[in-house]
Amino acid sequence: MSADHKKSQSPLLRFFSRFPRGGKLLIVTHDHPDPDSISSAAALSEIASNLARAKTTIAYGGVIGRAENAYMVKHLDLKLKPIDRIDLSGYDRIAMVDTQPQAGNNALPSGVIADLVIDHHPLIKATRKAVCADIRTEYGALASVMTEYLFKLDIKVSTGLATALLYGIKSETQDLGRGAYPVDIECYLKLFPLANKRALSKIVNSRVPRDYFHYLKRAIQHSQVAGNAVITRLPEVPNPDIISEFADLMLRLEGAAWAFCSGYYKGAVYLSVRTTNVRKNAGSLMSHIVRPRGTGGGHCLMAGGKVDSPSLGLPQLHKLQGQLENKFLALIHKDHHSRSPLT
Ligand SMILES: [Mn+2]
């Protein structure tokens with residue numbers, strides 16, 4: 001173990017050295033959790049039980065919408081609870097994974113100060129208030145950070161947890177091709193022999209409800225090409241996951257360097273940006289797009305955002321989505337007048 005690694009490991013060990021043995025730990029993921037945050041939470045739960053005999057609960061806001069994610073949770077029997085069914089006062093400590101205080105994408109009330117924050121998104125000011133913070137932007141997936149911890153601490157990784165973490169890294173980095181670092185590849189290879197490959201295949205090829213094709217058809221019909229960008233504007237969606245999923249899909253268009261997708265869900269416009277342009281930063285681009293009313297951020301090649309806009313009528317929704325699209329196109333220096341339908 002290098003000196004560097006010892007140093008970076010310290011926030012988590014420091015946290016558990018002060019943890020009341022047998023105490024209760026609440027682990028909060030980001031809203032509409034993805035495999036990276038779900039598997040990271042499951043890993044932290046395993047670490048907590050090993051280091052401190054902690055009893056843990058994993059809590060999330062929003063919904064687990066994407067078929068692959070829902071199937072992963074069900075098939076691997078991962079225990080997650082909606083945060084609105086949780087009494088926060090019943091816990092000795094609160095941890096956050098794959099998100100940070102006041103990031104705008106988690107359901108922890110802003111007055112509650114997290115005791116431990118583990119994330120791989122850029123540091124947010126409010127995180128400095130947390131007792132222990134471990135922020136590592138040089139990891140493509142948080143699941144890699146957690147995998148490293150498990151191996152360094154010599155904790156036995158079950159087949160289910162290995163499969164979850166493997167899928168966390170795989171999906172977050174698009175099979176190690178998007179924003180992955182050597183450490184992500186290293187962790188992926190370590191997990192691979194331990195994971196259930198048949199279960200992994202079932203997760204990757206999850207069945208989707210009939211509804212899904214309806215939204216897919218709509219997404220294709222409502223996509224436009226502006227130079228090397230694809231813009232997809234959806235009205236109401238069944239869950240926010242579908243927006244990032246379709247952004248990924250549209251980036252597959254030959255010659256496209258950008259995909260921007262928006263849709264309305266429970267009183268907010270959700271946004272997703274994907275790019276292949278490594279010289280730009282999708283995360284900071286997104287925080288500019290949603291400014292000043294919304295929240296958003298992400299990584300170099302992928303980002304998400306949200307603008308709260310309760311009870312919008314369809315014409316107002318179109319207007320707002322159009323404004324956000326124009327902001328996006330202006331930021332990537334594309335003329336917003338020259339758009340043509342995708343199909
Ligand atoms: Mn992540």
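## Two domains

The chain splits into domain 1 (3–204) and domain 2 (211–341), with bounds taken from an automatic or database domain assignment. This is a predicted model: local features need pLDDT of at least 70, side-chain atom pairs count only at pLDDT 80 or more, and totals for chains, interfaces and linings use all residues. Residues are numbered from 1 along each chain as its sequence is written, and side-chain values use heavy atoms, with hydrogens and water left out.

Taken over C-alpha atoms, the centres of the two domains sit 27 Å apart. Domain 1 puts 15 residues into the contact and domain 2 puts in 14, where contact means heavy atoms within 4.5 Å.

## Where they meet

About 1200 Å² is buried between domain 1 and domain 2, with carbon and sulfur atoms giving 49% of that; buried area is the accessible area (1.4 Å probe) that two parts lose on being put together, summed over both. On the domain 1 side, H32, R66 and R178 lose the most area to domain 2, together 46% of what that side buries.

The rule finds 2 salt bridges across this interface, each a side-chain nitrogen of Lys or Arg within 4 Å of a carboxyl oxygen of Asp or Glu. R178 also shows up in a salt bridge with D248, with the closest N and O atoms 3.0 Å apart.

## The manganese site

D36 (OD), D98 (OD), D98 (OD), H120 (NE2) and E172 (OE) coordinate the manganese ion at 2.1 to 2.7 Å. Donors here are N, O and S atoms within 2.8 Å of the metal (3.2 Å for Na, K and Ca); water is not among the atoms, so sites may look incomplete. Along the chain, the donor spacing reads D-x61-D-x21-H-x51-E.
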